[in-house]
Each structure stands twice: as C-alpha cells, then as structure tokens.
Amino acid sequence: MKRHLRTVLRTAGAALFTAVAVAASTLVGATPASAAPAGLPGMDVSSWQGNVNWQAAWNNGARFAYVKATEGTGYTSPYFAQQYNGSYNVGMIRGSYHFALPDRSSGAVQADYFVNHGGGWSKDGKTLPGALDIEYNPYGATCYGLSQASMRSWIASFVNQYYARTGRWATIYTTTDWWNTCTGNTSQFAANNPLWIARYSSSVGTLPAGWGTYSFWQWADSGVFPGDQNVWNGTIDRLKVLACNGNC
C-alpha cells in the first residue's frame with residue numbers, strides 16, 4: 001500500500017485535485033470498499049472538515065471519532081475544540097491524534113507537545129488513548145531522512161513519553177507499506193500499541209509485523225460521515241474497555 005489520500009491531498013493544489021485523487025486511489029493499492037467492513041462505524045477528522053455536524057454523524061451511525069490535535073511542535077488544529085468536544089457531547093467515544101514529523105524534533109518532544117495541546121487522556125469511558133499518525137512525509141523524503149533504526153527509536157521515544165505522561169500506550173496509525181519501508185517492519189510495538197491501519201480496499205490486507213489483528217481500520221477517505229471512514233474491530237462494549245483501560 002502506498003500513501004493514502006489524506007496525505008496526498010495535504011500538499012496538492014486545487015488545480016491538481018482531480019489528477020492527485022486518481023493517483024492517490026492507485027497508490028493506496030486497491031479500489032476503495034463500496035460498503036463499510038464489519039465492525040463499529042466511526043470517523044476521523046482534521047481542519048479539512050472544519051466545523052463538523054456531529055449530531056448528523058451520530059444519527060448516521062458513527063460511534064467513535066479520532067480528531068487531529070497537533071502536528072510536529074508548531075501546529076494545533078484551529079477546529080480541534082469544536083471537533084473534540086462536539087463528538088463527545090453527542091455521545092461518541094473520541095480521541096485525538098498527532099501527525100508526526102520525525103525530522104523536526106524528537107519523539108519525546110512531540111509527545112509532550114501533543115499531550116499539552118489536546119492529546120491527554122482521562123478515564124471517563126469516552127476518551128480513547130491518543131494516536132500517533134506516522135506515515136508518508138507530505139513535505140519531503142518518505143522516511144523523513146531517518147534510517148529504519150532511527151525511525152524505530154523515534155517511535156519508541158514518542159510512545160514511551162506518551163505513556164509516561166498519560167499512563168496509556170498510544171494507538172499507532174500507519175500503512176503496511178510505509179511501516180515496511182521506514183521501520184523495517186518491526187514488531188516491537190505490537191505488544192502494547194493498538195494498530196490503526198489505513199487501507200482503502202475491500203480487505204485489510206497484510207498487517208505490519210507483530211499485530212495479529214487491527215484495532216481500527218481506515219477503509220475509505222469519504223462516505224456517509226465527514227472525513228475518513230473507519231471501523232473499530234469489535235463491539236461498543238470492547239471499545240469502552242479500550243477507552244477505560246479496563247473497567248471504568
């Protein structure tokens with residue numbers, strides 16, 4: 001699987017929109033699924049979606065959401081509060097995510113920035129562990145100029161610091177192709193970090209090493225909900241267990 005549509009569009013100009021969208025569909029590696037996979041429906045959003053109509057998303061069946069909070073150490077989403085609080089207020093289980101820029105600063109520094117700007121966690125039954133969005137570089141070299149060993153160290157620095165700050169292991173969002181290319185398909189994070197896999201296809205395909213299954217699957221870039229379309233690989237009760245880190 002190649003870079004997914006969210007990353008491609010981050011750097012695409014409006015005049016190139018159609019060509020980039022077609023290319024992105026090809027790069028993902030398969031035709032997007034025509035119907036949602038089995039699982040609990042949900043979504044993820046960023047500033048691209050602006051103010052979201054959360055009641056409409058809830059009415060259409062979304063039961064969880066991941067919301068972009070930060071990128072690197074210099075960006076916070078201007079729509080974070082509306083999206084993060086709005087999803088919570090309609091009853092969704094929600095979490096925040098951080099877009100990693102491993103060539104800008106250390107994993108620990110970016111984890112701190114994330115926690116300090118919306119990436120925290122509380123045991124309220126409606127807050128998911130924060131997610132690390134680690135994927136194709138929209139601004140330059142695919143692996144941010146890091147070797148596979150250095151990338152593994154960077155990810156470890158982030159998730160370990162996030163755990164130290166919140167008591168939770170971060171969800172890792174990635175693609176199998178990027179993970180293979182940039183980490184050497186390491187299995188070192190599978191024991192602790194839930195996997196959020198991106199693949200626009202009717203099947204989830206091969207997962208990164210160590211993960212026998214996925215927790216979340218981003219299966220399309222558009223659909224019935226604003227933003228990207230996702231499923232949780234389980235029931236609402238099991239999602240609450242993840243949110244609570246056990247029982248609330």
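What follows is a short tour, one selection at a time.

**Before you click.** This is a predicted model, in which local features need pLDDT of at least 70 and side-chain atom pairs count only at pLDDT 80 or more, while totals for chains, interfaces and linings use all residues. Residues are numbered from 1 along each chain as its sequence is written, and side-chain values use heavy atoms, with hydrogens and water left out.

**Stop 1: strand β9.** Select residues 228-232, which make up β9. Strands are DSSP runs of E with at least two residues, helices are runs of H or I with at least four, and both are numbered from the N terminus. Are the residues of β9 buried or exposed? Five of its five residues are buried, where buried means under 20% relative accessible area, exposed means over 50%, and partly exposed is in between (1.4 Å probe, protein chains only). In a regular strand, side chains alternate between the two faces of the sheet. Here, Asp 228, Asn 230 and Trp 232 sit on one side of β9, with Gln 229 and Val 231 on the other.

**Stop 2: the partners of β9.** Strands pair if DSSP finds at least two bridges between them. β1 runs antiparallel to β9, joined by five bridges, and Pro 41 stands opposite Val 231. β8 is antiparallel to β9 too, with four bridges; look for Phe 216 across from Trp 232.

**Stop 3: helix α8.** Now pick residues 236-244, and you have α8. Its buried residues are Leu 239, Leu 242, Ala 243 and Cys 244. Asn 245 counts as partly exposed, because its relative accessibility is 47%.

**Stop 4: the largest nonpolar core.** A nonpolar core is a set of buried Ala, Val, Leu, Ile, Met, Phe, Trp, Tyr and Cys residues joined through side-chain atoms within 4.5 Å. Which of the 49 members touch the most others? Highlight Met 43, Ile 134, Ile 155 and Phe 158. Helix α6 (residues 148-166) gives the most to this core, with seven residues. A second, separate core has 15 residues, including Phe 64, Phe 216, Trp 232 and Leu 242.

**Last stop: Asn 185.** Find Asn 185 in the loop between α7 (176-183) and β7 (195-198). Its phi is positive as well, about 60 degrees.

Note on methods: Contact means heavy atoms within 4.5 Å.
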